[in-house]
Amino acid sequence: MKLSARIAAPAAALVLAGLTATACAPQTSDTGAKGDEKTGTLRVWLFQEVGNKPKEKVVDAAVADFGKAHKGAKVEIEYIPVETRAQRVKAAFNDPKSAPDLIEYGNTDTAGYVKDGGLADITPEFGAWADAKDTDPTAKQSVTVGGKIYGAPLFVGVRALYYRTDVFKDLGIEAPKSQAELISTAKKIHKKKPGLYGLAVGGAYTYGAMPFIWANGGELADGDGTYKAAVNSAKARKGIAAYTSLFGDANCPAAKCAAMGGNATVTAFASGKAAMAIGGDFSHAAVEAGTVKGKYAVVPLPGVAEGSIAPAFAGGNNIGVLKSSKHRTLAVDLMKSLTGKRTQAKMFDAMGFLPTYTDVRAAVAKKQPFVEPFVRTLGAGAKFVPASPAWGQIDSSLILPTMFQEIVSGRKDVATASDDAAKKMDAAFADAG
């Protein structure tokens, strides 16, 4: 499950930006509610953030707005620990009588939750909602399965290139404008300054590696509904080779970097151990709290062609109505209040979560300049993982990190490792149906 992209989180919590829930609920026979009550109490589960009070204030305001328009309805908000999310959601799907009416969930879990019969199809209501017309296409894709809408995006998170302005000035170099220049610059920096990683990379940093595959024209999988792995295609292999070329004594030694994830790479940058790192908009606060404060800048991660932007993974969270809710109409209206433009603008101010509406995002970028490279990245065309319930298994099984680690350790070449990864992915796709 792709969890919160937290600008407000400390470095130790950054790992949450790429986690996946591993315990999705089994297919239930009938989670559909009977009736559509227009009064009563709505129960909502939202994720407990690191420093949750600002989020609570924004949510309380949205609930108050909802209450003004729905006098006969009450709302109970429960902030659930991230660590127990999988068990809680599984239990809710299996026992509709005790389930909440709405849940916040990671956007990579949409397909799995739909397959499990947990989320309600709200396609008509979403289509008629005025705010929805300005939803970013990739964010909309994250709530779409089989052409139907199963929730509303709450926020989106993407990654870009953080770099040390003092180091670049000292060496007389500029921010790289192409993927090849990124790689050569990283190696040049490490050669001139052996105590620094040129670019901090991680063998377990799946979401940092994906842009290299996509920038070279590769895909994780091909298909629509039914998927077949594509990580072993010629174009994907070019991207894998580019990313894994950054491991070794010339930049980021495999012995230290092969096991690193996104959290560790951002921590390396924030603590002054790397001249560059691929970090999210949600990494900003952690970097600001580090020793590099005032000595760094951010630009979009460059693509293959000079001046191009590599496609980034569009992470984030959504809010959906459970199929078992007895208050469908009220629940959808509350979902709109919790995810609408007004609330997302407030949530950015409170938590730093990047809005999913293009117009709201443009407005916050003017208020906070650090957002601009991430907005440019989204505008250039971010990408998403296959909309398959198999993705949770693929992610939790560490299929892609294993592939990268086998290559950087020298145990397998790119062709063999990508073929093996593709076989494992195809098995997961087949099991998911």
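**View 1. Strand 1 and strand 2 run side by side in the parallel sense, joined by eight bridges.** Keep in mind that this is a predicted model. To get from strand 1 to strand 2, the chain passes through helix 1 (residues 53-69), and this β-α-β crossover is right-handed.

**View 2. Strand 3 (residues 102-106) and strand 12 (residues 315-321) run antiparallel.** Five bridges join these two strands.

**View 3. Step back and you get an open sheet of five strands, in the order 2-1-3-12-6.** The pairing is mixed. Which strands form the edges? They are strand 2 (73-80) and strand 6 (152-157), and each of them pairs on one side only. On average, neighbouring strands of this sheet are turned by 20° against each other, direction ignored.

**View 4. Two helices lie across strands of the sheet.** Helix 2 (residues 85-94) lies across strand 1 (40-47) and strand 2, and runs at about 150° to strand 1. Helix 13 (residues 328-339) lies across strand 1, strand 2, strand 3, strand 6 and strand 12. Its direction is at about 155° to strand 12.

**View 5. Time for some rings: the whole structure holds 15 aromatic pairs.** Take Phe313 and Phe384, whose ring centres are 6.1 Å apart. Why does this pair count as stacked? Their planes are at 10°, and planes under 30 degrees apart count as stacked. Phe313 belongs to the loop between strand 11 (296-299) and strand 12, while Phe384 belongs to the loop between helix 16 (372-381) and helix 17 (391-396), so the pair ties together parts that are 71 residues apart in sequence. Are these two residues buried or exposed? Both Phe313 and Phe384 are buried.

**View 6. Four aromatic residues join up into a cluster.** The members are Tyr162, Phe269, Tyr296 and Phe374, and ring pairs link them.

Definitions and conventions:
Residues are numbered from 1 along each chain as its sequence is written. This is a predicted model: local features need pLDDT of at least 70, side-chain atom pairs count only at pLDDT 80 or more; totals for chains, interfaces and linings use all residues. Side-chain values use heavy atoms; hydrogens and water are left out. Two strands pair if DSSP finds at least two bridges between them. Helices (H or I, at least four residues) and strands (E, at least two) are DSSP runs, numbered from the N terminus. Axes are lines fitted to C-alpha atoms, for helices over the stretch in contact, and angles run from 0 to 180 degrees between N-to-C directions. Contact means heavy atoms within 4.5 Å. A crossover is right-handed if, with the strands pointing away from the viewer, the path from the first strand over the helix to the second runs clockwise. Rings of Phe, Tyr and Trp (its six-membered ring) pair if their centres lie within 6.5 Å; planes under 30 degrees apart count as stacked, over 60 as edge-to-face and the rest as tilted. Buried means under 20% relative accessible area, exposed over 50%, partly exposed in between (1.4 Å probe, protein chains only).
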